Amino acid sequence: MAYGAYVPYWRLQRSAIAAALGSGGGKGTRAVASYDEDATSMGVEAARLALRAAPAGVTVGTVLLATANPPYLDKTNASAIHAALGLPRSTVAVDAGGAVRSGVVAFGLGIHDETPVLTVLSDVRTGLPGGADERDGGDAAAALLWADHDDVIAEVVGGGFATDEFLDRWRVPGEVASHVWEERFGEQVYLPLADDAVNDALKSAGVTAGEVDHVVVCGVHGRAVRNAAKRIGARPESYAPDLGATIGNTGTAHMGVALAEVLDRAEPGELVLLLQLADGASAFVVRTTEALRTYRDRAASTVAAQIESGRDDLPYNAFLTWRGFLDREPPRRPDPEAYYGPPAHRSEAWKFAFVGSRCTECGFVHLPPNRVCSSCGAVDQMEPVPLADTKATIATYTIDRLAYSLSPPTVAAVLDFDEGGRYTCELTDVDPDAVAIGQRVELTFRRVVTAKSIHNYFWKARPIRTAGGA
Amino acid sequence: MSMGSHGIKDRVAIVGMGCTPFGEHWDKSTDDLLIDATQEAFGSVGLTKDDIDAYWLGTMGSGQAGLTLSRPLKLDYKPVTRVENFCATGSEAFRNACYAVASGAYDIVMAVGVEKLKDSGFSGLVGAVPPHDGTNVPLTAPAMFSLLAPAYREKYGVSEEEMKDVLTRIAWKNHFNGARNPRAQFRSEVPKEVICASPLVAGQLGIFDCSGVSDGSAAAIIVRAEDAAKYTDRPLYVKALSFAAGPAAGPIDPSYDYTTFTEVVRSAEDAYQQAGITDPRSQLAMAEVHDCFTPTELVLMEDLGFSARGHAWKDVLDGAFDLSGDLPVNPDGGLKSFGHPIGASGLRMLFECWLQLRGEAPPERRIATVGEGRSLGLTHNLGGAPGQCVSFVSIVGASPG
């Protein structure tokens, strides 16, 4: 019913890898989650884009997060997404995690539910420096909102699956990179699985490969993906462009990001065949509807626009630092502090959903929520005011070169929000030299810092990146 | 200003003071600094610890409770009140000690401030934060105060280069003064080119725009004004004490423009009212102000009424607040050059008034305004950050009335 894809701001040129290491690297760029992003925070960004474009009045009944790179284990990550979106307490939030294949829940499970289901696919992909996973991987997220609704823009009309147990790619919890078996073995196993899944999907949809308008093939095995795509036998012009050259293989997220890219440009009444190769094969046939035509007017940002709006000059040493492969000397400052459970829970709506309070006597907006009005002094005359989607203007700013950061210097600005309210936020995805009083910014959900194994999620601001402008 | 704020003008007086050198005292503990400052204060007026009826101790983080003072001094079960009010902690110890004497509760009291910052090994200040929800941007102190600079530039049409000159001029002046102060942490003049080119810390602020992180202690002995002559023929009379804790609305109120400290304006108005001052720029002989960072001193010149709004930057460039200017500001070098051991700073400011107004400052930094007949000094001590701070203003004078 709605979708959103999030491509992070930063791109690493693969040639930068070879320049630093003397080998490896390659052509093109890969998307890189910033130092303050992870699968959860990117998932929130994708979900916000999807919900912004959703028809009014839709209440999400279930949030599913699929990722092969969960920020937490033994703790649900989808609950932070649920909180950041300000969803009702009755909404279910569940992780489907561990492997790239978990992304199929986006298509396989959600659509059968009675209440709207928001499926979030998100991944941060990397490997050891100089390796293929580092080079070919990419970081991104996608969110798909499914519901039985008049405004549905695409529906799943067929599916096919093939499952097999074999060693192609694996990682033990705690390891920083995956292992892969010899490439040709995986290819030999994957190709028949792909054939089965595609055939079943096309059959259940009652269509042939030649009738398909858009084909997306993705998965964890590059060579198998390329050859499986050829074997489908669809019309040559139906194959979606390879996002690998610009953002890389975004793992669990890729099927969603690629579908979003297709929906960004598809016509109503077209058929999309999606094939994912990961520990088996999963294929879906999706048909777009007439509603897609009007949907684009309210869609927030296309995949192409996000790729276009990013920066592709991330230094390789910054990439290594952000992913934890380069342990840099910290400033002579205390270690970053972890937040505390009880105060964060008391202020859950503020911390996770950026909900302030507005005085019902005089209208003054407080960030964070206050009980006593700063303007008229009224006590406990407040109503909640969600401001995460409100744009803001920089009143003054600083560049803090002393504060601890994985990506110094810390840039912060005093922000005045369009609907009232002021708060000092850290800026991210920003060129410190380009910050100015009067600059327009929007909020983005980030993992501010990790300390004592606690991920501190909160909102930062960035120069306006989404469509619709200032 | 509150209708009920009456002040205690000329009811109490300082009769003795002590102040350690400020700096990196690797060989001295908090106890050592407290003993050194209090011994000097006792000695300055020929008293012992047993002559003091009650003590007020200010420290932000170098100890807790009155025991921080009573233990090293081996006090004989005297009342010791430990106070904390951010960087205005030392002034807060002094203020409460004065009130205790004015109330009649005690005859003779001491206010002591101390801070031992260097032992932590950190650059800059580090405060202890209560359990929190992780939603505050953990900006450093220079970053918080650097917010003033772009806002001031924007409001008054000051270019980035002009602003750099102004801030550099303030640091240069305070180093010039500190070079004439044997107790200061930094005792050498620094060329403007060096200040200007120093590595950036936050915003437009370089290393030389920041006050010194240091260890130190200072103390004052306070008695009823009518008793002062028993101890010294040159007491320093307390003319005004004012303190304001703001609602901390600046960071949440879009009407706050980051070019003023409202807390300072309010506490200064109250202090001037108490002391009967109508034109501080011409009536004061000197001012010790809280120059934690150079933009702070710039803004304070306007908040304290020394310069018209939007004109302090020109007054600074004109040298109005130099040692030889028409209102010397921070003749002892200020936080910038004397150093800023938090709990001690407010009392250190009073120590310079003690020296200058009583004619005891060394000739190389003696201010001319005292010789011209002005007898009032102002101390201003601030804690917190722009838009969310506490502010203290005192006026002291060499003669009653």
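This is a predicted model: local features need pLDDT of at least 70, side-chain atom pairs count only at pLDDT 80 or more; totals for chains, interfaces and linings use all residues.
As general background, nonpolar side chains in soluble globular proteins tend to be buried together.

Now to the contact of the two chains, where chain B contributes 33 residues and chain A contributes 37 residues. On the side of chain B that touches chain A, the elements giving two or more residues are helix H4 (141-146), helix H5 (148-156) and strand S5 (200-202) of chain B. That side of chain B is made up, by class, of 21 nonpolar, nine polar and three charged residues.

Where they meet, 19 residues come from domain 1 of chain A and 18 residues from domain 2 of chain A. On the domain 1 side of that contact, helix H2 (39-53), helix H3 (78-84) and helix H11 (316-322) of chain A are the elements that give two or more residues, and H2(A) gives the most, with four residues. The residues on this side of domain 1 of chain A divide into ten nonpolar, five polar and four charged.

In chain B the assignment is made of separate segments, with domain 1 covering 12-121 + 215-235 and domain 2 covering 141-210 + 237-397. The C-alpha centres of domain 1 and domain 2 of chain B lie 24 Å apart, and their contact takes 37 residues from domain 1 of chain B and 32 residues from domain 2 of chain B. At least two residues each on the domain 1 side are supplied by strand S1 (12-19), helix H3 (89-102), strand S4 (108-116) and strand S7 (215-224) of chain B, and the largest share, seven residues, comes from H3(B). By class, this side of domain 1 of chain B holds 21 nonpolar, eleven polar and five charged residues.

How do H5(B) and H10(B) pack, in terms of angle and axis distance? Helix H10 of chain B spans residues 294-303, and the two helices pack at an angle of about 45° with their axes 9 Å apart, so H5(B) and H10(B) count as oblique to each other. B:Leu148, B:Ala149 and B:Tyr152 make the contact from H5(B), while B:Pro295, B:Thr296, B:Leu298 and B:Val299 make it from H10(B). By class, this contact of H5(B) with H10(B) has six nonpolar, one polar and no charged residues.

Next, a residue in helix H8 of chain B, residues 262-275, which is where B:Ser267 lies. Is B:Ser267 buried or exposed? B:Ser267 has 30 C-beta neighbours inside 10 Å and therefore counts as buried, the threshold being 20 or more. Leaving aside neighbours within four places in sequence, B:Ser267 is in contact with B:Ser242, B:Phe243, B:Ala244, B:Ser391, B:Phe392 and B:Val393. The C-alpha atoms of B:Ser267 and B:Val393 are separated by 6.1 Å, although the two residues are 126 residues apart along the chain.

The peptide bond from A:Leu367 to A:Pro368 is cis, with omega near -5°, and A:Pro368 is found in the loop between strand S15 (365-366) and strand S16 (382-386) of chain A. A cis peptide bond also joins A:Pro408 and A:Pro409, with omega about 0°, and A:Pro409 lies in the loop between strand S17 (392-400) and strand S18 (410-417) of chain A.

In chain B, B:Ala65 is not a glycine and yet has a positive phi of about 70°; B:Ala65 sits in the loop between strand S2 (54-58) and helix H2 (67-73) of chain B, and counts as exposed, with 12 C-beta neighbours inside 10 Å. B:Ala248, also not a glycine, has a positive phi of about 55°, and is partly exposed, with 16 other C-beta atoms within 10 Å.

Terms used: Residues are numbered from 1 along each chain as its sequence is written. Chains are lettered from A and ligands numbered from 1 in the order in which they are written. Two residues are in contact if their C-beta atoms, placed from the backbone, lie within 7 Å. Ala, Val, Leu, Ile, Met, Phe, Trp, Tyr, Cys and Pro count as nonpolar, Asp, Glu, Lys and Arg as charged, and the others, Gly among them, as polar. Domain bounds come from an automatic or database domain assignment. Axes are lines fitted to C-alpha atoms, for helices over the stretch in contact, and angles run from 0 to 180 degrees between N-to-C directions. Angles under 35 degrees count as roughly parallel, over 145 as roughly antiparallel, 65 to 115 as roughly perpendicular and the rest as oblique.
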